[in-house]
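The questions below go through one model, strand by strand and then chain by chain.

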Amino acid sequence: METFALLLQGMATSFELLNLGLLIFGCLIGLFVGAMPGLGSVNGVAILIPITFIVPPTAAIIFLAAVYYGAMYGGAISSVMLGIPGASTAVATVFDGRPLAVKGEAMTALTAAAVGSFVGGTVSVILFTLFAPPLAEVALRFNAPETFALMVMAFATFVGLGGDDIPKTIFSILIGLVLSTIGLDLITGKPRLIFFGIPGFLHGINFLVLAIGIYGIGEMLWTLEETKGKVQMSKLSVNMKEVGRAFSALKKTIMAMNIGSFLGFFVGILPAAGATPASLMSYGITKQLSRNSKEFGSGVPAGVVAPECANNSASTGSMLPMLTLGIPGSPTTAILLGGMILWGLTPGPLLFTQQPEFVWGLIGSLYIANFFTLVLNIALIPAFLMVLRIPFAILAPVIFVLCVTGGYAPTQSLHDVWLMLLFGFGGYMLRKLDYPVAPAVLSIVLGPLAEKAMRQSLILSDGSMGIFFDFSSKPIAAVIMYIAIVLLIMPAFGPIYRKFFKKA
Amino acid sequence: MSIVTKFTVRRAEITVAVVLALCSLALMYKSAQNRITWSAEENMGAGFLPFYLSLGMFICTVITITKFILKKSPQSTNNEPFIDAVAFKFVSVTIISLVVLVFAIGYLGIYFSLIFFLAFYLRYFSEKSNSFILNFSITTPILTFLFFEWLLKIPLPQGISEPLFYPVYDVMYGSSSLFMIWIYIIVTVLSPSALVFLANRFIK
Amino acid sequence: MLIIILNLIGGNNMTIIKKLALVVVSLSLVAVSSISSAKPFSPKKPIELIIPAGQGGGADEIARLVQGVIEKNDYASKPVIPINKKGGSGGEAMTYVKKKAGDEHTLIITLNNVLTTPVNQPELGIDFFNDFTPLARLITDTFLVWIATEGKNTQGVETFDDFIALARGNGLVMGGTGSMSEDELLLGMMRGQFGFDAKYVPYDGGGAVAKGLVGGESDFTLNNPSEQMGFYQSGDSKALVMMTPERNPAFPDVPSSYELGYPDLEYYMMRAFMAPAGVDAEVEKYYTGLLHTVYHDDEFQTFNIDDGKLMSWLEGYGFKRIS
């Protein structure tokens, strides 16, 4: 129970005047930064580094935790309101959040996102407090073969996401994977697919460039064509009835919350994975297990809750490998890690015993930040909804400005802005011809992780695929791999099952 | 606009499929510049995965083309125009103005390019008054500047306009309290004006 | 409520436009006056510090430390903004800085990949000796040979000589930071010198390499001191030899390669700063001075010494010859 005392102490520290002020300020910055397409918690946390030298480290941690959490919430706002994922962790939120907003139920979508995030954050803090040390051991044993198995499982959960045209769906998956191989090949150290020798390809294709291109530029072109620039983006009404409806819709999403919270946390603690695969897998699994899985993608609250719950849960979870193993799961945690080192803390197994105040202060303030972000978010929903009232002719150029700055900011290269335009235009053309675009976005997120893990494993096993299926030496990898195969096969057997048994 | 109406979904389908097939072949060629072999003795070459994945892409496009020829896909029998003439105008103006914008960012810098882009785009698509358009086109880049360069410290490209920003930086990072005065002026004068316009003009 | 207040402030559109025009005009007047009065160099805009690696690596750590020290003590009149360009083992960052020839607000922190990448990727056309203006080297870092304390294939290994004996013909697995990187070159060197062979598994980043070792995926690694510090302190990993002539105070129980009689096993990686080619002597002087101030900052010194790094100031072209 000592940890609980420390955790409570950490939370109490958050309520000191300076800390509370920083906390609320941090939540707001996080929300804002998270909602900007292309910018994520990494940008918010980067501006913190100088501040850590001015205020005491505890206040700095609280501030950073607030920015981190705020950004996790903020990503959902632009996913729902603009249809552009604010951050990679909010991609899956677009799938159902955007259709909800278009149907005029943006209120439901935003409430679902906020409450889902809060639940995910709460569950993960509890899990973290109870099981951190044993889970650190799991994270340590989770190596390349296990990571690859997990990636296969992530792909498997998305079998049903494509369109009806199977060759076009497969094409979409493959082009995402090929795009993800552009850049330097880690294993051989050689540059690959550097078209025309342009140095901009050396850093590969940033996932955000594809997502902003397809969901930002592409979606705008699509809307322009449909509405000819005359119609408002969506209808909307804010009144008490609407608020009540939003909350009652959440009752049906309890399963999504459970899946999102637990899956998100466990995927989050794995060093290689992090919040993005967690939210994607959570969406996929919730969809597969749901009774009305056909409706996913056309705007169901559970489709918003599942990824939002998972990404918040995972963002707490991903603190674990950072603290105990010194491995950043994301650019944000990398900067946090740098900050920790500058504060004179050495990440490693001893951190929990030598610096408990730091660890529990961080987790405690994450939780307080979680709570305040929920309050702020619910309070600000009417302000967010105002975006929907702006006429399309005004909103469209603003969104283009957001896309251009968002495409430029992560890598600071104009090359990526050009690519983004290209993907936007290409994605729009392909979408008109029934090529599903979501699988390409998923593959570009998961592709690099999967490729690296697979090739590392194959070096270890001298090229034998058996390493992924061997229960005796790699039990975790084998179990995940077989689950993945079952998941892959299940949808294929569904129609066959129905065909044979329903007719008889 | 007759070209636009003659470009049917059917034609678009086959054109896109052939272009994608050619792209797949180009990717295979490009991948093959790295080693594409893999055996027990030798680790997987850098080009192995992209090569075979591109081959998969090529096969998918071949299936799509075959389905087209056999008229098995819905697009292959659809003789409606791919895009109607009015929408084509909107979409193409948007794409061209975006391309010009990104070109201009490289030379003029983002802030001045945005003024021209916004002014043009609003003039073309909205029916707002000139004074509104002017105000909006100037306020947006200023807010962008404050948000990116001041709050987040992310430099955006400034092209040839860079020297114009030196005094702004001096003010922003100068130790004098002048900095706060400037920020005060900008924030109090400009962003409310933008918000007022949002409030007054669009929300009925 | 807010909207009503805003309405009161901004009631008349024309006044807003006039105020705006006033701001723009006065800003441009300041511009003209400040350009004419520039004599000794001082930065006119935020300084971009290009990091040819991803977030969280050794170079990133030092770059952000330097940024922090400068900002905390107001050593520079404009902020330093770290920008990661990790593409192509630093190739992207170097191409970027090469194109910025003459730019007075760009710096690059170098790893040894400024030496290896131009050789491995000749198509980039980077000429290390002509495309950059070297400012100063602040720190050198070295490598240690690490094994896991409970490594299943390295049981009973106590000294570096035990390790060499074991490694001959046992096909151990070494974790590293990517092919063609320094640790693979060093492995090649050790293969030649000691006649052992090892499988090389690349990870991304020193942290992942360290975790792979303790997690039992690899049998040994070559890591920087700071990358294994956490596991070293907790006793999960141990170092067999440090590739320097002398012992390091941060690792008192680890013998140096000279002590063990392998003076060939000496290796440094530098953390230095460079500006693009073609900057004025005044600019060069300014940044070298800035770095010198940072170097002598107490906090900077303490942090690096505790982290097992070697403080080794070397100015201008000197550091090019050493490495």
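Q: Why is strand 4 of chain C largely enclosed by the rest of the structure?
A: The model is predicted, so local features need pLDDT of at least 70 and side-chain atom pairs count only at pLDDT 80 or more, while totals for chains, interfaces and linings use all residues. Residues are numbered from 1 along each chain as its sequence is written, and chains are lettered from A and ligands numbered from 1 in the order in which they are written. Strands (E, at least two residues) and helices (H or I, at least four) are DSSP runs numbered from the N terminus, and a residue is buried if 20 or more other C-beta atoms, placed from the backbone, lie within 10 Å of its own. Strand 4 covers residues 132-141 of chain C and is largely enclosed because its buried residues number 10 of the 10.

Q: Which residue of strand 10 of chain C is the bridge partner of C:Thr140?
A: Two strands pair if DSSP finds at least two bridges between them. Strand 4 of chain C and strand 10 (residues 269-276) of chain C run antiparallel and are joined by 8 bridges. Within strand 10, C:Thr140 is partnered by C:Met270.

Q: Which residue of strand 11 of chain C is the bridge partner of C:Ala136?
A: Strand 4 of chain C also pairs with strand 11 (residues 310-315) of chain C, in the antiparallel sense and over 4 bridges. The partner of C:Ala136 in strand 11 is C:Glu315.

Q: How far apart do the C-alpha centres of the two domains, domain 1 and domain 2 of chain C, lie?
A: Domain bounds come from an automatic or database domain assignment. For chain C that assignment gives domain 1 as 47-141 + 269-322 and domain 2 as 144-242. Their C-alpha centres are separated by 28 Å.

Q: How many residues does domain 2 of chain C give to the contact with domain 1 of chain C?
A: Residues are in contact if their C-beta atoms, placed from the backbone, lie within 7 Å. Domain 1 of chain C gives 12 residues, and domain 2 of chain C gives 9 residues.

Q: Which element gives the largest share of the side of chain A that touches chain C?
A: The contact takes 40 residues from chain A and 45 residues from chain C. Elements giving two or more residues to the chain A side include helix 6 (106-141) and helix 15 (331-342). The largest share, 7 residues, is from helix 15 of chain A.

Methods. Contact = placed C-beta atoms within 7 Å. Buried ≥ 20, exposed ≤ 12 C-beta atoms within 10 Å, placed from the backbone.
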